[in-house]
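I am opening a notebook on a structure that is new to me, and I want to keep a plain record of what I looked up and in what order.

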Amino acid sequence: MIRIERRLSQPRWLTFAVPIGSVIVAFGVMTLVLLATHHSPGHTFRRLFDTGFVGSQSLNATFIAATPLVFTGLCAAIAFRMQLFNIGGEGQLYLGAVFGAAAGIALGNHTGWLSIPAMIVAGAAGGAALALIPAVLRAFFSTNEIITSLMLNYVAALVINYLIFDSLSYWRDTSSATAKVFPQGKNLPDAASWPAAHIGSLVLPFGLLLGFVIAAGIWLLYTRTKFGFEVQVIGDSPRAASYAGMRTRRKILAVMALSGAVAGIGGASQDGDFRHTLDPRGLTAAGYGYAGIVIAALARYNPFAVCLVAILLGGIQNAGYALQGVDFPSGLVGVMQGLILFCALGGELLIRYRVRFARSSRAAEAAA
Amino acid sequence: MLTPQEADSLFHTVRVMAEEGRTVIFISHKLHEVKAVSDRVTVLRCGKNVDTVETKDATPRSLAALMVGREVALAGRIERETEIGQVVLEVRDLWSVGDRGDDALRGVSLTVHAGEVVAIAGVAGNGQRELAEAVTGMRSSSRGDVTVDGRRLHAGDAREAIRAGVAHVPEDRLHTGVAPSLSIASNVALKSYRGKELARGPMLRLRAIREHAARLIRRYDVRGGGPDLPARQLSGGNLQKVVLAREFDGAPRVLVIASPTRGLDVAAIETVHRYLREAAAGGVGVLLISEDLDEILALADRIGVMYEGVIVGELDAGETTVEEIGLLMAGGARE
């Protein structure tokens with residue numbers, strides 16, 4: 001008989017072994033899928049690895065794919081740490097992109113490099129503002145934040161599309177005749193282009209580095225401060241927190257705002273680092289916010305692990321584009337990515353529970 | 001929870017079912033309900049069948065005696081040596097809404113003096129938990145005052161209660177008394193992390209927190225692990241020691257302590273009782289909420305009995321009997 005029981009203690013090595021094991025299992029299952037669809041697993045995996053992680057060109061593309069995932073991963077991890085399930089990273093990123101682009105356009109080239117911090121602050125404000133809606137509902141009316149934050153993603157997607165496709169908004173380019181027929185966002189001024197760090201032939205986007213700095217800041221906040229201590233206690237036992245006189249409501253507002261702000265900066269980074277315009281189509285097609293949830297779960301909400309997992313997943317995503325072709329449908333790439341996530345989340349179970357192969361009670365009776 | 005009218009109609013239905021020839025097993029710890037519906041009463045105590053009697057032969061007093069059991073264990077009682085001081089806790093006409101939306105407290109008044117142990121006896125679910133929570137600020141009250149050392153506390157403000165010197169050992173020690181997945185050190189700092197000793201500005205002094213925990217672990221003889229062990233891995237007795245260590249460390253004026261020995265082994269019970277006596281001897285006003293009458297009789301100076309959200313009787317611990325308490329606990333004061 002197989003029984004699943006809760007672990008009393010969680011050995012430290014498990015937290016490393018299980019994610020790695022999960023990835024291995026995922027590749028195992030993927031091998032079967034590839035064989036069943038008449039693809040060579042060895043060849044596919046090698047190409048996946050090469051285009052994701054080998055050579056500076058692959059790595060640079062991976063960094064670009066990973067940058068938004070770092071932000072949305074941190075966004076989810078920040079909130080999930082307190083058992084606050086902010087699923088709204090997606091919409092918060094859109095709004096951050098809207099606010100960030102507005103700041104960039106408004107400042108033009110007048111203030112030079114000041115455009116960059118202004119975009120970061122504006123993006124953070126946009127993300128935080130959207131996240132505060134489910135936060136207030138949760139804190140004061142006990143509304144389930146999963147539902148509200150998820151629904152706001154759709155609202156945010158409609159808003160960002162409206163700004164470019166259905167209105168003559170501040171963000172829309174109306175300078176030329178073609179731009180009026182084919183709607184697109186205004187190009188951001190040069191001052192709103194974020195720099196990148198060149199290390200040898202590697203190009204690290206400013207947003208990625210900023211994400212790393214934020215990750216370190218979050219780690220510091222959550223492990224070294226009174227604020228983080230309260231978040232830990234509330235996340236573990238809300239009753240113990242109220243017993244200890246902690247102000248849970250304020251913490252819900254603060255953590256959601258912080259979570260949304262980080263996603264919002266991710267949106268501003270999309271404007272400043274890569275797209276240089278408000279690009280609703282590109283942003284809504286990418287699904288960064290949802291990927292961020294998975295990344296946070298894989299990283300077990302650890303900010304540094306979020307960075308690592310984001311790069312890993314960014315690599316797989318980037319390789320996925322390269323793998324797609326006549327003989328390799330994009331659906332198969334999706335299956336592959338899905339399998340990795342599925343196995344990783346399934347592996348979570350093994351960290352908290354253990355599987356025990358016990359003799360059936362009849363056998364035990366016979367023995368007794 | 002049923003209203004009295006609903007209860008009456010339920011009892012009627014039960015009687016009708018019985019008259020139709022069906023067998024009804026009715027489980028209750030309220031004597032008037034038992035008297036109202038049953039033909040025969042079996043009394044269980046500690047998972048054992050104590051006695052079965054015909055309802056018409058039973059009196060509330062005799063049933064109460066069976067329920068609470070054996071002779072009063074006055075042997076466990078230690079008479080106090082220290083003098084009782086001035087009033088440290090005063091609760092006046094306290095009303096509070098319970099989790100089910102009904103009035104769990106319906107006008108509770110009591111006083112506790114420095115160095116005194118006041119016990120609240122009662123069958124679980126008669127408002128004791130709500131009383132502990134309302135006094136310690138975990139639960140809001142709809143009417144009435146809680147005054148500590150002459151200072152009136154705001155309803156539902158646990159932080160203010162803590163600052164006023166109200167320590168609280170909750171009945172659910174694993175999920176309220178501690179954050180189970182966090183370390184012992186974190187749990188020892190659960191209330192004091194805001195103070196100067198353990199924090200500097202917004203930052204925690206992690207080393208100070210660990211050392212503080214290690215000191216208390218030694219002083220209170222917590223066994224099973226060091227400061228870094230998650231609290232959930234401690235045994236019940238050691239977990240309770242962690243909670244007590246933290247609460248006493250805050251130099252409280254008032255200690256609200258609920259079912260402090262439930263689920264503990266004999267040795268741990270003794271330790272908890274010793275700490276309680278020491279606290280009272282040190283001038284802390286103790287409000288002990290317990291269902292264990294032996295414990296109450298061994299520790300308390302005065303006893304209030306709670307039934308359906310009110311204190312139905314106040315007794316002097318030196319002069320009362322288990323039967324008298326038991327009768328009040330089961331609502332016998334109604335008859």
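**Entry 1: the model and its chains**

I noted before anything else that this is a predicted model, and I read every value below as computed from that model.

I began with chain A, where I found 16 helices and 4 strands. Its radius of gyration is 23 Å, close to the 21 Å that the globule rule gives for 368 residues, so I wrote down that chain A is as compact as a globular protein of that length. Taken along the principal axes, the C-alpha atoms of chain A fill a box of roughly 90 × 60 × 40 Å.

I then turned to chain B, which has 12 helices and 14 strands. For its 335 residues a compact globule would have a radius of gyration near 20 Å, and the 22 Å of chain B agrees with that. The C-alpha trace of chain B spans about 70 × 40 × 40 Å along its principal axes.

How much of each chain is buried? In chain A, buried residues make up 47% of the 368 residues, and in chain B they make up 44% of the 335 residues. I also looked up contacts between residues at least 6 apart in sequence: in chain A, 77% of these join residues at least 24 apart, while in chain B the share is 64%.

**Entry 2: the sheet of six strands in chain B**

Which order do the strands of the open 6-stranded sheet in chain B follow? I traced the order as β8-β11-β12-β5-β13-β14, and the pairing is mixed. The edges are held by β8 (166–169) and β14 (310–316) of chain B, each of which has a single partner strand, so one side of each is left without a neighbour in the sheet. Neighbouring strands of this sheet are turned by 20° against each other on average, with direction ignored.

Within this sheet I followed one pair in detail: β5 (residues 117–121) and β13 (residues 302–307) of chain B pair in the parallel sense over 4 bridges. Along that pair, B:A121 stands opposite B:V305 in β13(B).

Helix α4 (residues 128–135) of chain B packs on the sheet, where it touches β5, β8, β11 (254–258), β12 (285–289) and β13 of chain B, and its direction makes about 155° with that of β11(B). Another helix, α12 (residues 322–329) of chain B, lies across β5, β13 and β14 of chain B and runs at about 30° to β13(B).

**Entry 3: the sheet of four strands in chain B**

I next looked up an open sheet of 4 strands in chain B, which has the order β4-β3-β6-β7 and antiparallel pairing. Here β4 (103–113) and β7 (151–152) of chain B stand at the edges with a single partner strand each, so one side of each has no neighbour in the sheet.

Strands β3(B) and β4(B) pair in the antiparallel sense over 8 bridges, and in β4(B) the bridge partner of B:S96 is B:L105. These two strands form a hairpin with 5 residues between them, and B:G101 in the turn has a positive phi of about 90°. Strand β3 (residues 87–97) also pairs with β6 (residues 143–148) of chain B, in the antiparallel sense over 5 bridges, with B:V148 in β6(B) as the bridge partner of B:L89.

**Entry 4: the nonpolar core**

Which residues touch the most other members of the largest nonpolar core? Of its 205 residues, they are A:L74, A:I295, A:V306, B:V254, B:V286, B:L287 and B:L288. Helix α3 (residues 56–80) of chain A gives the most to this core, with 15 residues.

**Entry 5: where the chains meet**

Finally I looked up the contact between the chains, in which 17 residues of chain A are in contact with 23 residues of chain B. On the side of chain A that touches chain B, α9 (226–236) and α10 (238–243) of chain A each supply at least two residues, and the largest share, 6 residues, comes from α9(A). By class, I recorded 7 nonpolar, 6 polar and 4 charged residues on that side of chain A.

Note on methods. Residues numbered from 1 in each chain as written. Chains lettered and ligands numbered in written order. Predicted model: local features only at pLDDT ≥ 70, side-chain atom pairs only at ≥ 80, totals over all residues. Pairing = 2+ DSSP bridges. Axes fitted to C-alpha atoms, helices over the stretch in contact; angles between N-to-C directions. Contact = placed C-beta atoms within 7 Å. Nonpolar A, V, L, I, M, F, W, Y, C, P; charged D, E, K, R; others polar. Rg over C-alpha atoms; globule rule 2.2 N^0.38 Å. Buried ≥ 20, exposed ≤ 12 C-beta atoms within 10 Å, placed from the backbone. Core = buried A, V, L, I, M, F, W, Y, C linked by C-beta atoms within 7 Å.
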